Structures are given as C-alpha cells and as structure tokens.
Amino acid sequence: MPARTPFDDFLAGYADAVRARDIEAFMALYDPALHVFDMWQAAPLEGLASWRAMVAGWLGGLGAETLVVTWRQARAQVHGDLATGHAVLTFAAQAPDGRVLRQLDNRLSVAMRRSEAGWRVFHEHTSAPVAHDSLRAVLQLP
C-alpha cells in the first residue's frame, strides 16, 4: 500500500468538513496566500476572505440535504515541503433518507506547502471538460 500523503489528508478533511458544513474546518485546509481557479467562478479567488465568502454561500445554500464528497483517481507527489495532487471528486446531495438527489463530478488539482501550521493548499483548480459539440460542461465523468 502506498504511503499516505498530505493530499490524502486534504481529501479526507475536505469531505468531512463539507459533510458537516464546518466552514472553520474547511478553511483550515487552506493557506492565507490562497489562489483558486474555481469552475463556478468567472474570476480567480485570492486569499482566504474571498474563499470563505464563496464557501459560506455554497454550504449555507444546501437546504436539508447532506453533501457527500467522494473521490477517485487520486494521485499525489511530495517533494520536500511541497506537494501536488489531483483527483476526480463526486459531490452527491443526499436526502435525509439517504437517497441521492443529484450529483456531479469535478476535476481537482491542488498545490500544497508545509508550514508550522501543517500542510495547507495555496493553489486550487477545479474544472470539468467541455463537450465540443454542445460547448456544455460534462459533469458526469467516467
């Protein structure tokens, strides 16, 4: 079994924080000098304040459902105090009885650095491929 990486810890913390709608736990995964290319935002997000506002709106707008994040195809590389990782994340909104109401996939890439506070993401990029024939994002990936 491969050694656990900071990216593995990030993915687990991300999923746990989203499921719990714990904005503080979510924000603790990120570096103050954060730069995000988010697939749902036209402009890049710079710093924790803009990221926190986006996350608060996202998690606060979920209603009664539970958002479950899983991942696949995760790969990471660690070189000293820097790490990179990429994965396909699936976001599934579940009703209180566990039924999946809707779900979508995002591709995720992150760059992380180790500091006294631990490993934190300083760059994140999410995307979805675009179908050439329709110019629509493909949100269900194989």
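# A tour from the aromatic cluster outward

Start by selecting Tyr 14: with 5% relative accessibility, this residue counts as buried. Here buried means under 20% relative accessible area, exposed means over 50%, and partly exposed lies in between, using a 1.4 Å probe and protein chains only.

Before moving on, note that this is a predicted model, in which local features need pLDDT of at least 70, side-chain atom pairs count only at pLDDT 80 or more, and totals for chains, interfaces and linings use all residues. Residues are numbered from 1 along each chain as its sequence is written, and side-chain values use heavy atoms, with hydrogens and water left out.

**Stop 1: the rings**

The structure holds 10 aromatic pairs. One of them joins Tyr 14 and Phe 26, with 4.9 Å from centre to centre and 55° between the planes, and it is tilted. Tyr 14 sits in helix α1 (residues 6-20) and Phe 26 in helix α2, so this pair ties together parts that are 12 residues apart in sequence. The rule for a pair covers the rings of Phe, Tyr and Trp (its six-membered ring): centres must lie within 6.5 Å, and planes under 30 degrees apart count as stacked, over 60 as edge-to-face and the rest as tilted. Helices (H or I, at least four residues) and strands (E, at least two) are DSSP runs, numbered from the N terminus.

Stay on Phe 26. Is Phe 26 buried or exposed? Phe 26 is buried, at a relative accessible area of 0%. Phe 26 belongs to helix α2 and Trp 51 to helix α3, so the pair ties together parts that are 25 residues apart in sequence. Trp 51 counts as buried too, at 2% relative accessibility.

Next, select the whole group. Phe 7, Phe 10, Tyr 14, Phe 26, Tyr 30, Trp 51, Trp 58 and Phe 91 form one aromatic cluster.

**Stop 2: the pocket**

Two names from that cluster, Trp 58 and Phe 91, come back here. The largest pocket has 17 lining residues, and Trp 40, Trp 58, Leu 67, Phe 91 and Leu 104 lie nearest its centre. Its volume is about 330 Å³.

How is a pocket found? On a 1 Å grid over the protein atoms alone, a cavity is a set of points where a 1.4 Å probe fits but cannot get out, while a pocket is an open set with protein on both sides within 12 Å along at least five of seven lines; lining residues have an atom within 4 Å of a point. Grid points are joined across faces, edges and corners, and the volume is the space filled by probe spheres set on the points.

Colour the lining by element. At least two residues come from each of α3, β4, β5 and β6 (118-127). Which element gives the largest share of the lining? Strand β5 does, with 4 residues.

**Stop 3: the hairpin**

Select β3 (residues 66-79) and β4 (residues 82-94). These strands run antiparallel and are joined by 12 bridges. Strands pair if DSSP finds at least two bridges between them. Pick Val 69 and look across: its bridge partner in β4 is Phe 91. Then go to the turn, where 2 residues separate the strands of the hairpin and Gly 80 has a positive phi of about 65°.

**Stop 4: the charges**

A salt bridge is a side-chain nitrogen of Lys or Arg within 4 Å of a carboxyl oxygen of Asp or Glu. By this rule there are 7 salt bridges.

Select Arg 52 and Glu 24. They form a salt bridge, with the closest N and O atoms 2.7 Å apart. Arg 52 lies in helix α3 (residues 47-60) and Glu 24 in helix α2 (residues 23-27), so the pair ties together parts 28 residues apart in sequence. Arg 52 is partly exposed, at 33% relative accessible area. Glu 24 is exposed, at 53%.

Move to Arg 114 and Asp 81. Their closest N and O atoms are 2.9 Å apart in a salt bridge. Arg 114 lies in strand β5 (residues 100-115) and Asp 81 in the loop between β3 and β4, so the pair ties together parts that are 33 residues apart in sequence. Both ends are partly exposed: Arg 114 at 41% and Asp 81 at 45%.

**Last stop: Asp 31**

Asp 31 is in strand β1 (residues 30-37). At 9% relative accessibility, Asp 31 counts as buried. Draw a line to Ala 117: the two C-alpha atoms are 9.2 Å apart in space, and the residues are 86 apart in sequence.
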